[in-house]
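Could you walk me through this structure and tell me where each label comes from? I would like every term set against its cut-off.

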Amino acid sequence: MIEKRYDVVVIGSGPAGLAAAIAAKKAGANDVVIIERDIELGGILLQCIHNGFGIEIFEEDLTGPEYAHRFIVQSKDVGVEALLDTMVLDLTPRREIYAINKRNGMIKIDVGAVVLAMGCRERPRGALAIPGYRPAGIYTAGTAQRLVNIEGYMPGERFVILGSGDIGMIMARRLTFEGAKVERMIEILPYISGLKRNYVQCLLDYDIPLQLKHTVIDIKGRDRVEAVVSAQVDENWKPIPGTEDTIPCDTLLLSVGLIPENELSKKAGVELDPLTGGPYVDETMQTNVPGIFAAGNVVHVYDLVDWVTKAGFLAGRYAGKYAIQQRRESERKLRVIAGNNVHHVLPHILDPLSLKREPQDLQLRVQWPVEDRIWINVEVDGKLIKQQAERYARPSEMIKVILSPEDYKKVVGAKELLIRVEER
Amino acid sequence: MVKEKTKLICIACPVGCEMNVTYDGKTVLEVDGNKCKKGINYAETEIVDPKRIIVTTVRVVKGLHRLVPVRSTEAIPKNKIFKVLDKLCEIELDAPVKIHQVVLQDAVETGINIVTSRLLTAKSE
């Protein structure tokens with residue numbers, strides 16, 4: 001297994017991840033890497049080929065791939081590394097990442113600070129409890145978007161779209177462009193759930209019928225979708241009998257909401273807010289686990305990518321600062337080593353700055369008994385800095401050595417503090 | 001003079017202002033409800049000659065993916081959208097593809113180019 005150490009690891013390379021990595025690097029972090037499970041950077045932006053991105057940040061109307069391109073180029077310019085085609089399997093509360101890919105096999109990474117930028121998932125059919133068989137031809141809108149825009153497959157010819165989220169409306173236009181017929185968009189709420197401009201330029205422009213206060217109550221077809229049955233709902237979202245309408249089609253798209261993707265966060269002990277589905281965060285986007293930050297749709301679902309980028313910058317900047325602080329502390333700290341006839345000594349690690357402030361106890365037990373006068377020697381890089389006399393030493397009796405603030409200048413800058421027992 | 005009134009939703013930005021537009025033939029007389037001047041521009045074009053940015057994909061041979069996304073550099077008249085899409089169906093690019101590479105010049109005599117909106121490397125063997 002390959003073992004590595006990075007100042008900052010960003011998980012996910014969508015808009016939040018790219019911004020976080022760039023900001024961490026700019027904040028002074030030495031080595032920053034983005035881990036991405038796809039074969040290229042950019043995340044879901046790459047399949048969002050429509051325009052409307054970047055109006056706040058660039059004051060330009062960019063497509064998703066163009067918006068991603070700007071940040072991909074910038075990330076390379078500032079020296080952000082990328083581990084592509086790599087899946088993070090585990091993240092521990094001590095900020096150890098286990099990832100896997102075809103080139104390296106298993107990789108373990110110790111990290112100064114982590115930014116969670118895994119984005120979100122689409123709410124699937126299972127979450128809706130629509131009755132009927134499980135025929136082919138039911139997709140979430142984002143999956144259909146990837147098939148049509150990146151992989152080059154049309155998932156059907158006659159579509160019904162359930163839900164009026166932005167991806168659903170954008171896909172209604174996209175499918176129309178590719179020669180499909182979008183029979184209807186069905187929304188349970190009394191208003192559209194996406195942006196008004198998408199209603200205008202995706203539905204109105206192409207005469208795609210929208211039915212508010214309706215839902216799908218049945219899916220017909222055994223091997224392939226043959227029709228869906230819609231019905232009007234009352235104020236409690238219950239279908240009203242007698243309003244059923246059978247719409248012949250071969251494909252049903254679901255555009256019914258997004259859920260932050262936090263499987264890894266949970267493994268790391270990150271606490272999630274049941275309302276957002278994302279981590280509880282402070283004003284620096286740090287979660288309850290020190291050194292683990294989060295940004296973008298993994299925290300709560302945004303409607304504008306520009307805001308996701310801003311959240312990424314914020315999280316990345318503080319993750320960078322945190323990692324630098326971690327590195328300074330670990331460079332500064334002394335390892336306390338048990339030498340001759342010392343079974344163990346606490347603390348294992350000592351920060352000289354704490355010694356500068358106040359006396360520090362070293363607590364040890366010997367390995368074997370010595371019923372004679374002995375010295376407890378404290379050495380720094382081979383030089384004796386303190387000697388304590390004892391009349392005997394027994395494993396059953398803990399011995400205490402106190403280092404005083406005057407010892408600070410003798411230990412500062414050293415790597416190790418050695419404690420050993422010598423005959424007097 | 002016959003004053004006519006219509007309601008438009010501005011699509012210039014995500015705010016989506018709902019505007020009342022008063023016009024006479026092809027002259028916009030009054031726009032009400034817009035939060036910025038983009039709304040006035042939008043109303044004027046929308047009444048006279050509605051236009052849209054168009055986005056789609058074109059085929060790529062031996063690319064990392066089979067398609068590359070493309071966009072019009074500016075909005076094109078709505079009534080030419082499907083003619084442009086038909087033209088783009090005939091196009092096939094060879095990888096590698098650069099970002100903002102012109103795919104179709106002066107698309108259907110609109111004076112507007114269709115360009116790629118990402119770079120696409122060649123498929124590694």
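The questions below take the labels one at a time.

Q: What kind of model is this, and which residues count towards local features?
A: This is a predicted model, in which local features need pLDDT of at least 70, side-chain atom pairs count only at pLDDT 80 or more, and totals for chains, interfaces and linings use all residues. Residues are numbered from 1 along each chain as its sequence is written, while chains are lettered from A and ligands numbered from 1 in the order in which they are written.

Q: What are the domains of chain A, and how do you know their bounds?
A: The bounds come from an automatic or database domain assignment. For chain A this gives domain 1 (2-121 + 259-330), domain 2 (124-256) and domain 3 (334-423). The centres of domain 2 and domain 3 of chain A, taken over C-alpha atoms, are 72 Å apart.

Q: And which domains does chain B have?
A: Chain B is assigned domain 1 (4-48) and domain 2 (55-116). Between the centres of domain 1 and domain 2 of chain B, again over C-alpha atoms, there are 29 Å.

Q: Why is Arg95(A) called buried?
A: A residue is buried if 20 or more other C-beta atoms lie within 10 Å of its own, exposed if 12 or fewer, and partly exposed in between, with C-beta atoms placed from the backbone. Arg95(A) has 20 C-beta neighbours inside 10 Å, so it counts as buried. Arg95(A) lies in the loop between strand 6 (87-91) and strand 7 (96-101) of chain A. Helices (H or I, at least four residues) and strands (E, at least two) are DSSP runs, numbered from the N terminus.

Q: Is Asn341(A) buried or exposed, and how do you know?
A: Asn341(A) has 21 other C-beta atoms within 10 Å, and is therefore buried. Its place is the loop between strand 20 (334-338) and strand 21 of chain A.

Q: Is Lys62(B) buried or exposed, and what makes it so?
A: With 12 other C-beta atoms within 10 Å, Lys62(B) is exposed. Lys62(B) sits in the loop between strand 5 and strand 6 of chain B.

Q: Which residues is Lys62(B) in contact with, leaving aside its neighbours within four places in sequence?
A: Contact asks that two C-beta atoms, placed from the backbone, lie within 7 Å. On that basis Lys62(B) is in contact with Asp94(B), Ala95(B), Ala122(B) and Lys123(B), leaving aside its neighbours within four places in sequence.

Q: Which peptide bonds are cis, and where are their prolines?
A: One is the bond from Leu346(A) to Pro347(A), with omega near -5°. Pro347(A) is in the loop between strand 21 (342-346) and strand 22 (349-350) of chain A. Another is the bond from Ala95(B) to Pro96(B), with omega near 0°, and Pro96(B) is in the loop between strand 8 and strand 9 of chain B.

Q: What makes a set of residues a nonpolar core?
A: The term means buried Ala, Val, Leu, Ile, Met, Phe, Trp, Tyr and Cys residues joined through C-beta atoms within 7 Å. The largest such core has 88 residues, and Phe293(A) is one of those with the most contacts inside it. Helix 7 (residues 305-332) of chain A gives the largest share of this core, 10 residues. A second, separate core has 33 residues, including Phe159(A) and Tyr199(A).

Q: Why are strand 8 and strand 9 of chain B called edge strands?
A: Two strands pair if DSSP finds at least two bridges between them. Strand 8 (92-94) and strand 9 (102-104) of chain B each pair on one side only, so they are the edge strands. Their open sheet has five strands in the order 8-5-6-10-9 (chain B), with mixed pairing.

Q: How do you know that strand 9 of chain B pairs with strand 10?
A: Strand 9 and strand 10 (residues 114-116) of chain B share two bridges, in the antiparallel sense, and at least two are required. Val102(B) stands opposite Val115(B) in strand 10 of chain B.
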